[in-house]
Amino acid sequence: MSLSICPWKYGKRWVYSITYDEALADLHRFAVPMHEEYGIPGHVEVVVGQLGEVRNIGQSSFNGYRHMNGDELRDLLARGWGVGNHSWSHEIITPEMVDKEIGHAKQVLEEALGEPIILYCSPGDNTNMADHVLEACRRYGYLGAMSLTDALNLPGDELFWINRTPLHDHYYPPFYSAYDPFRNIRQAQAVQGWLIDYCHCPLETPVHPNKDCSEAQLRQRLETVLSEGGDDVWCAVPEEALSYHLMRKHARIEKAGGEGDSKRYRIGLQDLPDQVPYRSLTLEAGVPPAWCRDPSVVVDRRELVAEVVRPGVLRFTAQVRDGTVVEIGDRPRP
């Protein structure tokens, strides 16, 4: 008998998330309906100092577009989306600015949404992933920080430097490129990676081709994720994938004795941050072949359905608390 935690929820091989920097209201033209059509949740990053206002930030290509307001963001949450802090001003954050850009922005956004904010997303470039910024993120209770580094995230990676893949028409010179709907998918499949796309507001044509894709390219990307991923991809908002990452990291499984032909295990969650919003784990149990005929899995006195994923291996997903007891056995025959 053995009990182990799957690298990702539901036993999926890899994870896909997609983020939209700036949280512009025009996402409702193409992106939001497309997500509803494909059943993939999205995630927006809010410039909190311009919440609900027409964008007016330096020489931004998106000036003149309106940022979503609190009601619109709450509507996205109700659709299963996530929301993160993209700073207060979208400027370079100096040590003197962290309280406003990281702390005050989080507070204002939480008050507007009635929901905790656990993710910071670097505005501009990775200059805003400086040590003093990430220290402030930890101090103000964030659980992760998203960068602009084009790479995957692995099950054991650091959560205060989360990588994202640019979903853009093409890259800045001198590193020219063509749009690739398959970008990083094969690697995510091979290494059990977490792939996070980022763009801004896909419209008929990209507002800024080095920072965005078109609505047609977005559709192509989502269709490719689903066709290539099949049953192996878990499409999740970053908050849920991050929560699973932390649950897996802090969980400890120990044997707790058994009765008759059953086996008991206890799961501890020592030092798990209180802010973790989603607290389920997918577990696999190695059992005698006979137990696969009619398995019995009881978690905290509640019976769950377990599937046989391969000979002698059961899989199930359960809500877990510190001290959860899992009992596995062979159901008595009449």
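Guide: The largest cavity has a volume of about 40 Å³. This is a predicted model, in which local features need pLDDT of at least 70 and side-chain atom pairs count only at pLDDT 80 or more, while totals for chains, interfaces and linings use all residues. Residues are numbered from 1 along each chain as its sequence is written, and side-chain values use heavy atoms, with hydrogens and water left out.

Visitor: What is a cavity, and which residues line the largest cavity?

Guide: Rolling a probe the size of a water molecule over the atoms shows where empty space is left. On a 1 Å grid over the protein atoms alone, a cavity is a set of points where a 1.4 Å probe fits but cannot get out, and lining residues have an atom within 4 Å of a point. Grid points are joined across faces, edges and corners, and a volume is the space filled by probe spheres set on the points. The count comes to 1 cavity of 30 Å³ or more. The residues lining the largest cavity are N153, L154, D157, E158, L159, W161, I162, W194 and H245.

Visitor: How much space lies in the largest pocket, and which residues lie nearest its centre?

Guide: A pocket is an open set of points with protein on both sides within 12 Å along at least five of seven lines. The largest pocket holds about 480 Å³ of space. Its lining has 24 residues, and G124, L148, Y172, Y198 and K211 lie nearest the centre.

Visitor: How many aromatic pairs does the structure hold?

Guide: Rings of Phe, Tyr and Trp (its six-membered ring) pair if their centres lie within 6.5 Å; planes under 30 degrees apart count as stacked, over 60 as edge-to-face and the rest as tilted. The structure holds 7 aromatic pairs. F62 and Y65 are edge-to-face because their ring centres are 6.3 Å apart and their planes stand at 65°. W234 and Y244 also form an edge-to-face pair, with 6.1 Å from centre to centre and 75° between the planes. This pair links distant parts of the chain, 10 residues apart: W234 belongs to strand β9 (residues 233–235) and Y244 to helix α7 (residues 238–250). Helices (H or I, at least four residues) and strands (E, at least two) are DSSP runs, numbered from the N terminus. Ring pairs also link W8, Y10, W194, W234 and Y244 into a cluster.

Visitor: Are W234 and Y244 buried or exposed?

Guide: Buried means under 20% relative accessible area, exposed over 50%, and partly exposed in between (1.4 Å probe, protein chains only). Both W234 and Y244 are buried. F62 is buried at 3%, whereas Y65 is partly exposed at 23%.

Visitor: Which rings have the charged ends of R164 and R248 over them?

Guide: A charge sits over a ring if NZ of Lys or CZ of Arg is within 6 Å of the ring centre and within 35 degrees of the ring normal. The charged end of R164 sits over the ring of Y198, 4.4 Å from its centre. For R248, the ring is that of W8, with the charged end 5.1 Å from its centre.
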